[in-house]
Amino acid sequence: MYLMKNIIFKLLLVFAALPVFSQTQVKGIVVDGITSESLPDVTVSVEGAGVTRQTNALGVFVLNQDIPVGEQILVLVKNGFVTKRMPIIINEGATLDMGEISLAVDVVEEQRNISLITLNDNDLNGDDDDGSANVSGLLSAGRDVFASAASFDWSATFFRPRGLDNADGKVLINGVEMNKQFNGRPQWGNWGGLNDVQRNREFTQGLKANEYTFGGPGGVTNFVMRASQERKGGRVSFASANRSYEGRLMGSYHTGLTENGWAFSVLASRRFGDEGYIDGTFYDANSFYASVEKKINDKHSINLTSFFTPNRRGRSTAITQEVFDLKGRRYNPFWGFQNGSQRNTRTREIEEPVIMLNHYWTVSDKTTVNTNLSYQTGTIKNSRIDNGRLRNPAPNYYQLLPSFALQDLNPTTFDFQNAFVLQQAFLEDGQFNWNKAYESNITSAGPREQGKIILQNDVIEDTQINANVIVNSQITDNIAINGNVSYRGLSSENYAEVEDLLGAQGFLDIDNFAVSESQDGQSGALAQSDLRNPNRVVAVGDRYKYNYEIDANVISGFAQAQFVYNKVDFYVGANVSSTTYQRNGLYENGNFPNDGSSSGSFGLSEELSFSNGGVKAGATYKVTGRHLIDVNTGYFTRAPGIRNSFSNARQNNDVVFGLESESVQSVDASYIFRAPLFKARVTGFYTGFENGSDIAFFFTENGLGATSGAFVQEVLTNVGRRNVGAEIGLEAQVLPTLKLKAAASVGQYTYSNNPNIYYTSPNPGFESNDGEGVGFIPGDGTVALENLHVAGGPERAYQLGFEYRDPEFWNFGLTVNYFSNAYVDPSNLRRTGNFFIDSDSGLPFNDVDPVIAEQLLKQEEFDDYMLVNVTGGKSWRVDDYFIGFFATINNVLNQEYVTGGFEDSRRSNYRSQLEEQQRGTPVFGNRYFFGNGTTYYVNLYVRF
């Protein structure tokens, strides 16, 4: 077999050289340093010369472009292998035959890949609306020292590179976009636990040239999950951790491309745990993957990939400083004991299998066409308690905490006694009382026909079809063009579902927020979830409360030209897209009947349509082979997500008033230094956003057109943001076994204007004041956010560290990381004209002190903190088996720190906030997310 390979290799080199005898050439074959198998898709380049090729299926490469004569550096790069840099001498008109070049497996990178729970698992617990969970994962495919720091060491702090949201980057699998149309963000849980088949990742930073898509300021990550691209062999691993899960089992096997042109790849894994670092956060996940590819001939290959990763886990939430002081950072109010076992009221369940068909057509040695078709269907379920008209049963409800008893500015002895009783009760228990919930639904005569409290699911049931055609053509040695035409169609069903009646026989389907006292919760059009089925009693599995469909269609096109020359590389690209959304209400809500007074709730809404486009360009100037200047810029518009297009999609057809496409401007400039023993990158960046939109849902006590408190929808439009800063990455190979590294990100991410704002609500007594029935507009209709910081992790992060790689295949690394300039998410309601209005009289306050008001509205900055992380591993070769382990310990010093938080909007005017500040402990204080203490991860694996 080896002899045959060499014969074929030499023949290929002879034929490849025939038409270019007069040119300078560099050629060779690249093989795996351990198995001696040929390595395809290795990127081979002459550093600083703009000469790049990839090895073919037999590992052969031939560089026959204009290569500068003299001393050069040949660079070979492939994911999973150590980058190789070789000094060469180029003579005019001569052919340099490098023969067989071996690449060593990157053991450290391999260990990181199989331990990458930050990317796939931490994000699985993120809120749908949490854009910080976790954009750092997008950088995991990068080989840059800064990207490594952001992905592996900074992600636990919810650090967001360049202050960007998850929706600002694109995630592809085999060229198919995986970002959700609901909010533009990738649903990482759809491919959690597939680490072994996600090693082949292609990452493009920012708006740089990408062969698959136009991209975004957050970059593009493409996971290549093709059977033929997986390294031949198998792997079995076991991991133990105390972060998200307690254990993980994984096994995979890949045949590689067989002699008859078939390739097969399979994987199965399980992740499990009674709880992670946070109390009550159980983990139950399985993952299955299968891919088969047939190479029909030298021009055509067909690949079929499917994966299914059903997972369930318990969730946690932000807590106030008061609760933290009493219960600590592991406290989670969502769970309680039932029959001696933990049960979480808030669980997240994802079951969305994906199947995709990929056709690869090599039209010629210059042109390829990739056609992709994918189908995804399934559900995302988030459970929660529906307590009807009962008092909020949450164990950390404000009336159950000591601060409630001490809310008067001059508390009495009796108040202190009550506070002590509440404190002791919370310390002794403080968890959800499942027994009490069941008791509420059971009388002495047996189960109630109509329960008072149940467990519900909020369900999103999506069916999505993606289709695209990607064309890449090397027009000349210096010019390449890329193009993409794609279609994405989504049919989404959204509804509430009865998960558990908690001992009752049924539950009355009415809107308890909208029930007035005279209705007594039993009758009246206003309270009905569905006027067409009044006073319906629902059972387990029934849909209730809200039920609607969303249809979304996106057609887009992308074109790009890349130019490569000795001194400069540059590119230009453009995209266009057309997006439509339409809601179809399946219930006629009693608050929004189809009587002509509003857009109604039953049937079709108006169709929203957005036409968008953009342009980008960039260049790399090669001062020398070691010094480069890189600049990228772009401007584009994008349609708002489904989430921010309908003001209250669960109850009516109202579209957001003043909704527009968001515009994005981006520019970055980098200085890059590359030498065998030292690498550096310094980047300055700016990203501006205009005409953004956002919707929030909460309960407030302060006015807004309601006679009392109201559950409101807060709608922001014309949101402007400005992200500016710098990134630095340094790496020095001081010894063959020792590498020093440093990274830093210094940014400022602020609102650039005062957005427009209005409120809607289904509550009785809520009245609009805009003259058109759209909603309640506070003050002048704007919110004072300009120059406030956009919340989302620390704006500044610094790292110093080292990596030691011993020739005996063990390694150790340590990093010291420092974080600062993180801010609380501001309450918009507090920063409207409503802040200065007495909610009882509707008149302005007459006792406002401007200095105190400014102090009350000052945005909180979190304390700085430092985290120390260590990693280590060892591998052995035993005959044809490779055995290894990898371990990480994060936050070695057990530092306490805040990763994020938000201001409460329940009491949001001047007097109520002044009272809150004057109390020793506020009743409605800011809510915080606290980082984990010391955590570990250990992985053992066998590869064969």
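Which residue forms a salt bridge with lysine 208? Aspartate 630 does, with the closest N and O atoms 3.1 Å apart. A salt bridge here is a side-chain nitrogen of Lys or Arg within 4 Å of a carboxyl oxygen of Asp or Glu. This is a predicted model, in which local features need pLDDT of at least 70 and side-chain atom pairs count only at pLDDT 80 or more, while totals for chains, interfaces and linings use all residues. Residues are numbered from 1 along each chain as its sequence is written, and side-chain values use heavy atoms, leaving out hydrogens and water.

Stay with that pair. Aspartate 630 sits in strand β34 (residues 627–638) and lysine 208 in the loop between β10 (201–204) and β11 (220–223), so the bridge ties together parts 422 residues apart in sequence. Helices (H or I, at least four residues) and strands (E, at least two) are DSSP runs, numbered from the N terminus. Aspartate 630 counts as buried, at 6% relative accessibility. Lysine 208 is partly exposed, at 26%. Buried means under 20% relative accessible area, exposed over 50%, and partly exposed in between (1.4 Å probe, protein chains only).

The whole structure holds 47 salt bridges. One of them joins arginine 85 and glutamate 47, at 2.4 Å from N to O. Arginine 85 is in strand β6 (residues 84–90), and glutamate 47 is in the loop between β2 (43–46) and β3 (51–54), 38 residues apart. Glutamate 47 is buried at 8%, whereas arginine 85 is partly exposed at 23%. Elsewhere, Glu701, Arg906, Arg907, Glu915, Glu916 and Arg919 are linked in a network of salt bridges.

Now look at a sheet. Three strands form an open, mixed sheet in the order β4-β1-β7. Two strands pair if DSSP finds at least two bridges between them. β4 (60–63) and β7 (95–103) are the edge strands, each pairing on one side only. Strand β1 (residues 25–32) runs parallel to β7, and seven bridges join them. Valine 31 has serine 102 as its bridge partner in β7.

Next comes helix α4. Nine of its nine residues are buried, so α4 is largely enclosed by the rest of the structure. Aspartate 144 caps its N-terminal end, with a side-chain oxygen 2.7 Å from the backbone nitrogen of phenylalanine 146. Arginine 162 lies in the loop between α4 (145–153) and β8 (170–173). Its phi is positive, about 60 degrees, although it is not a glycine. Most residues other than glycine have a negative phi. Arginine 162 is also buried, at 5%.

Turn to the nonpolar cores. Such a core is a set of buried Ala, Val, Leu, Ile, Met, Phe, Trp, Tyr and Cys residues joined through side-chain atoms within 4.5 Å. The largest has 24 residues, and Tyr544 and Tyr581 have the most contacts inside it. β27 (479–500), β30 (543–564) and β33 (608–622) each supply at least two of its residues. The largest share, five residues, comes from β30. Apart from this core lies another, of 21 residues, including Val26, Ile88, Met98 and Leu103.

One last stop is threonine 832. This residue is in the loop between β41 (810–820) and α9 (850–856). Threonine 832 is buried, at 4%. Leaving aside residues up to four places away in sequence, threonine 832 touches Ile757, Tyr759, Pro778, Thr782 and Val783. Contact means heavy atoms within 4.5 Å.

Definitions and conventions
A polar contact is a pair of N or O atoms within 3.5 Å; within protein, one must be able to donate a hydrogen and the other to accept it, and residues adjacent in sequence count only if both atoms are side-chain atoms.
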